[in-house]
Amino acid sequence: MDKLNKILQNVNKPARYTGGEYNTPKMDKPFSASVCLCFPDIYEVAMSNLGLKILYNILNNQKNIICERCFAPFPDMGQQLKENDIPLFSLERKVPLKKFDILGISLQYEMCYTSILYMMSLAKIPFYAACRDESYPLIIGGGPGSLNPEPVADFFDLFIIGEAEENLLEVVNLYEKYKKTEFTKTEFLKQAAKITGVYVPQFAKVSYFPDGKIEKTESGYKIQKSIIKDLDNVYYPVSPLVPNIEIVHDRNVLELFRGCTRGCRFCQAGMASRPVRYKSVRNLTNLCEQLSKNTGYLETSLSSLSTGDYPQLKELIDSIKNNDYCKNLKLQLPSLRADSFLGEYLSESRKSSLTFAPEAGSQRLRDVINKNITKDDIISCLTAAFEKGFSSVKLYFMIGLPTETEQDVKEILEIVNLAKSLYKKYKKSKKELKITVSISTFVPKPFTPFQYEKFNEKSQIERMQEILRSGLKQKNVSFSYNDYNLSRLEAVFSRGDRRLSKVIETAFNDGCKFDGWLEFFKYPLWEKAFEKNGLNMEFYLQEKSEEEILPWDFIDIGVTKNFLTTECQKAKLNKTTNNCQNGCLNCGAKKLGECFAFLEKQ
Amino acid sequence: MIIMKYSKTGFASYIPHLDTLRVFMRTLTRANIEVEYSEGFNPHMCLYFSNPIPLGLNTIAEYCAISTEFEAADFVKEFNKFCPQGLQCLKAKNLKKNPNFANILSVSEYKIEIEGLNNFSSLISGLKNKPFIISYNSKGQNKSKDFAPLIYSIIQTGDNLTCVFSSGAENLRHDIFISEILRLTSLTNVKEVLKTAQYFKENNQLINADILFEN
């Protein structure tokens with residue numbers, strides 16, 4: 001412990017590694033199974049993650065299970081741990097990761113893969129599942145990244161695909177049962193594989209054609225994504241840990257619903273989280289009350305993929321405002337669409353900035369991606385915002401979308417000018433309008449209608465960025481965009497297969513980690529890693545044919561491949577698809593559980 | 001108004017000052033202790049702390065004044081029920097006026113234990129009444145200063161030092177002092193550092209802030 005204190009004096013933000021938060025569960029109870037939830041990013045990001053909060057409390061609420069946390073140490077701390085020969089440890093009891101029964105690692109997005117290896121190397125745990133015997137912790141993967149787990153499949157013993165509230169507990173209890181006997185890992189995994197949503201990579205051998213495409217995945221099984229059918233009655237943590245230092249999302253979170261009815265064609269989350277299930281106003285108000293009593297946070301976020309689409313949003317906000325404990329809460333409504341601006345509820349918030357995501361500059365391209373927002377929608381919501389006193393606007397767009405032309409991108413500039421002229425007309429204060437334009441690069445994602453599309457070349461993307469950069473060289477307009485190489489790697493792993501695990505290992509051994517942080521991102525090392533392993537990035541970036549077996553085809557997310565390809569065909573014809581709140585489109589998700597998408601908006 | 005004395009030890013010593021402010025705000029909200037808020041566009045709780053301390057310093061003598069009508073007799077218990085590990089309220093008292101801790105508390109006392117220091121008693125006693133120039137690094141720049149005028153007293157018992165240093169506008173940081181002692185003695189093992197008291201000056205006398213809690 002003395003050694004630890006000496007180290008903490010030498011690192012930035014030592015509170016990242018100490019624990020001691022209010023609402024920490026009892027750590028001195030007798031237990032028969034220990035789990036460490038690992039998040040491959042720093043404390044401030046990890047503690048903002050809702051999934052982590054939910055699973056942490058579910059496990060600690062069990063009499064026989066103890067659950068702790070461990071996050072990726074920032075490189076300065078990692079260096080100290082290595083130099084002082086201290087293996088990576090949990091936040092609560094400072095126990096080395098190696099001593100846990102189970103490690104649950106959250107896969108957030110593709111560029112966290114080397115950070116996972118970083119944590120495993122600091123914990124002195126072998127990377128490959130095949131190299132770990134029963135004396136090592138069982139390593140489980142989950143989270144949104146597990147929708148295509150193949151690039152890291154070789155590192156994990158099993159994945160839980162989908163919503164893990166019930167299944168993770170089942171897996172832990174099963175493991176505890178096996179622990180009491182002389183068991184082999186394979187026996188345990190055979191049993192675990194029977195649980196819905198559990199994917200055991202070692203039971204699925206993959207073979208490839210000479211050109212690199214997948215020939216077949218053996219054992220021919222389909223993994224059905226697991227979902228919580230009754231979202232209104234599932235456990236939700238009302239006494240989450242309250243961090244002692246500032247984190248990214250420093251507030252209470254109320255999850256309103258899962259799934260999305262809009263069907264934007266680039267969006268993986270919207271497709272993969274279906275069927276749509278809501279929590280009731282009564283339940284949410286109760287949760288809100290308990291959360292504010294137990295945490296002391298004065299800000300609460302109403303969170304979902306599209307908060308404006310919650311059918312009883314006005315009723316919910318009124319219900320919360322009428323609650324004695326919650327009446328002074330500041331409510332945050334992120335993920336609002338430009339066609340559902342709710343100015344009346346936002347005027348209380350101190351923030352004078354509003355965020356909208358038109359995603360594409362022209363109506364034609366917006367129709368292609370099925371972002372059903374018209375120019376009139378944009379005008380009316382900006383007008384309403386400015387009339388309410390907002391003087392700062394953030395606009396999100398994507399470049400590199402399928403069928404995109406220069407004209408589409410130039411129309412982004414027109415939207416910015418539109419905002420400026422509307423502000424001149426409707427502004428309420430003498431303040432100058434501040435516009436932030438954030439441009440991200442389109443990456444084709446599994447389980448979206450665009451999953452077969454190609455990732456654009458550097459010259460194309462950089463040309464579009466240049467058009468925008470020179471067009472947005474205006475006063476009070478700031479412009480940000482993604483590094484092309486980072487997006488390129490993200491696109492490779494997004495649709496990657498099993499063979500990429502060697503590349504990740506090589507890149508890590510050569511010094512790559514925290515790739516999502518531009519200051520640490522070393523693209524040349526990645527290029528070399530692909531070369532050393534005889535693999536070509538281009539293979540993963542090119543357009544795919546509908547006959548190809550995709551690495552994630554063995555997963556059933558509910559929404560059918562047929563629905564996705566039909567959507568893609570419509571996209572190429574500039575045809576839109578309606579919001580399924582207006583009528584079921586038979587995407588296939590309801591076979592997993594009842595879908596409430598067409599609950600009547602009151 | 002309530003004035004309180006609190007300790008910040010163990011891993012809580014790594015909570016930076018601004019975050020400590022937020023920790024206090026959430027603790028008071030959880031405890032249902034009604035605190036006055038400031039006016040204006042960005043209202044915040046009216047909390048007035050004694051001067052911030054360096055990160056990583058254990059302390060049992062920090063002070064805070066809180067604009068509240070809450071009863072001091074219940075305050076200690078309620079605060080401690082709802083505060084995180086490592087933070088603890090030691091005493092509380094109702095006062096009419098804010099004593100303005102940041103302004104008046106300008107001297108701090110530290111207990112420092114360094115293994116082997118008992119062999120250097122002549123060095124320590126020799127520090128009094130002569131210039132004590134320390135070179136140190138501040139915000140990336142190398143600086144050099146005579147800290148002797150900032151030292152009120154250093155009393156040694158074996159390996160332990162009880163040091164009283166200026167800590168207001170003129171501040172001798174405990175870590176700068178300790179680094180210099182280690183450099184002069186070639187010792188390496190600092191066993192304990194604890195800030196044990198704060199004083200204000202009245203008529204050239206040092207008066208322990210705890211006096212404000214007495215009747």
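This is a predicted model: local features need pLDDT of at least 70, side-chain atom pairs count only at pLDDT 80 or more; totals for chains, interfaces and linings use all residues.
Local features need pLDDT of at least 70, side-chain atom pairs count only at pLDDT 80 or more, and totals for chains, interfaces and linings use all residues. Residues are numbered from 1 along each chain as its sequence is written, and side-chain values use heavy atoms, without hydrogens and water.

**Chain B**

Some 47% of its residues count as buried (under 20% relative accessible area, 1.4 Å probe, protein chains only).

**Cores**

A nonpolar core is a set of buried Ala, Val, Leu, Ile, Met, Phe, Trp, Tyr and Cys residues joined through side-chain atoms within 4.5 Å.

| Core | Residues | Among its members |
|---|---|---|
| Largest | 190 residues | Leu158(A), Phe188(A), Leu302(A) |
| Another, apart from it | 27 residues | Val242(A), Leu47(B), Phe49(B) |

Leaving aside neighbours within four places in sequence, Leu302(A) is in contact (heavy atoms within 4.5 Å) with residues including Leu254(A), Ile317(A) and Pro334(A).

**The second largest pocket**

The second largest pocket is lined by 41 residues. Tyr297(A), Leu298(A), Glu299(A), Met25(B) and Tyr37(B) lie nearest its centre. The lining divides into 18 nonpolar, 9 polar and 14 charged residues. Here Ala, Val, Leu, Ile, Met, Phe, Trp, Tyr, Cys and Pro count as nonpolar, Asp, Glu, Lys and Arg as charged, and the others, Gly among them, as polar. A pocket is an open set of points on a 1 Å grid over the protein atoms alone, where a 1.4 Å probe fits, with protein on both sides within 12 Å along at least five of seven lines; lining residues have an atom within 4 Å of a point.

Terms used:
Chains are lettered from A and ligands numbered from 1 in the order in which they are written. Buried means under 20% relative accessible area, exposed over 50%, partly exposed in between (1.4 Å probe, protein chains only).
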